[in-house]
Amino acid sequence: MKVKKVKNILIFGAGSVGTHHANAARTLNCNVLICDINFSKFKYMKNNLYPKRYGNWDNKIKFISYQDVLETNNIYDLIIIGVPPKNHLILLKKCFVYLKFKKILVEKPLCVFNQSFSFIKQQKYKNKIYCGFNHSISKSFLFLINLILKKKIGKIKNIEINWKEDFKLILKAHPWIKSLKQSYLSNLNKGGGGCHEYSHAVHLAIIFKNILFKNKIQISQSIVYKKKKNLYYDSVAQITFKDKLRSINLNIDTISNPCQKNIKLFGDKGTIFWERKIEKNYEKIEIRKSKNLDYKFFKLTRRDDFINQIRSLLFKKKRYNDLSNIKLRSAVEVMNILKKIFKHV
């Protein structure tokens, strides 16, 4: 009987996203190493964060210091960069130079809008880099794309994407952050603000654009900035992608409570409504044609987002490895949009 080789995962960052990734990797029976420049963050993860989210601490999760990790000779099946956006590219360069790996997953967004990522194009590793837009590889979203390709509601004329969630709700899920000004979320130049934090919504718009648009497109934006002492970020943004035949309207805000995460597609033969309700553990698709109305529900928790993504990256079974939506080129497209809409900042 062939024994399956256990996958080795290295995670940079002992914060919220690192905790999600660690649990997902252990659920898939991987060896997990956590690296952080601050050991106290790992202690908080071990004693507070992980137990509160997932019950008991998993003693098979190990810690390695930043100094020590760069001297290891291990071959990692997957490296995950789960630190604040302004540090993504720094760590990526370190990985290229010092570490051996098969794949790297950089959490979204790839970097901050005003950072240069052109060095990646010259790297031999560029085809091994992915970005954490995990919503785009969920079962419901892939099902939605299939409906579009099959022209279930005919020719798509307009798409509306709403990604609206009060930053206070994010802080509530991260109780160790006492106020917004203590987080990078409050600073656009550190990767904060709505369009950075909700860049997966920009990413979804790009996927639709690449499927539907054949002609030259125009991109326009309207952005409201929050400017106070120690606060500077985009709180509301409207971004429009438009050609001669159709448009995609993307609405992002950091002030809506309850949150809204949905996509509305309008075709010449009907409409499709996709909705993410993670607080109720599902994503839903509603198809309306004439007087007919069909629903399809997909059970999903926040934990499932990370398990599905890591499983897709590590295992070659066909149902797990649709990675096209999280490849580097998509992350670069998102950054190009962010550079464009913030070019006057």
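## A residue of the core

Leaving aside neighbours within four places in sequence, Ile263 is in contact (heavy atoms within 4.5 Å) with residues including Phe141, Leu144, Ile159, Ile161, Leu204, Phe208 and Trp274. Ile263 is also listed, with Leu10, Phe12, Ile161, Phe208 and Leu265, among the residues with the most contacts inside the largest nonpolar core, which has 113 residues. Such a core is a set of buried Ala, Val, Leu, Ile, Met, Phe, Trp, Tyr and Cys residues joined through side-chain atoms within 4.5 Å.

## Basis of the model

This is a predicted model, in which local features need pLDDT of at least 70 and side-chain atom pairs count only at pLDDT 80 or more, while totals for chains, interfaces and linings use all residues. Residues are numbered from 1 along each chain as its sequence is written, and side-chain values use heavy atoms, with hydrogens and water left out.

## Overall form

The protein has 10 helices and 16 strands, taken as DSSP runs (helices H or I, at least four residues; strands E, at least two) and numbered from the N terminus. Along its principal axes, the C-alpha trace spans about 60 × 60 × 40 Å. Of the 345 residues, 54% count as buried, meaning under 20% relative accessible area with a 1.4 Å probe and protein chains only, whereas exposed means over 50% and partly exposed lies in between.

## An exposed strand residue

Lys227 lies in strand S10, which covers residues 218–228, and counts as exposed because its relative accessibility is 61%. Between the C-alpha atoms of Lys227 and Asp243, which are 16 residues apart along the chain, the separation is 33 Å.
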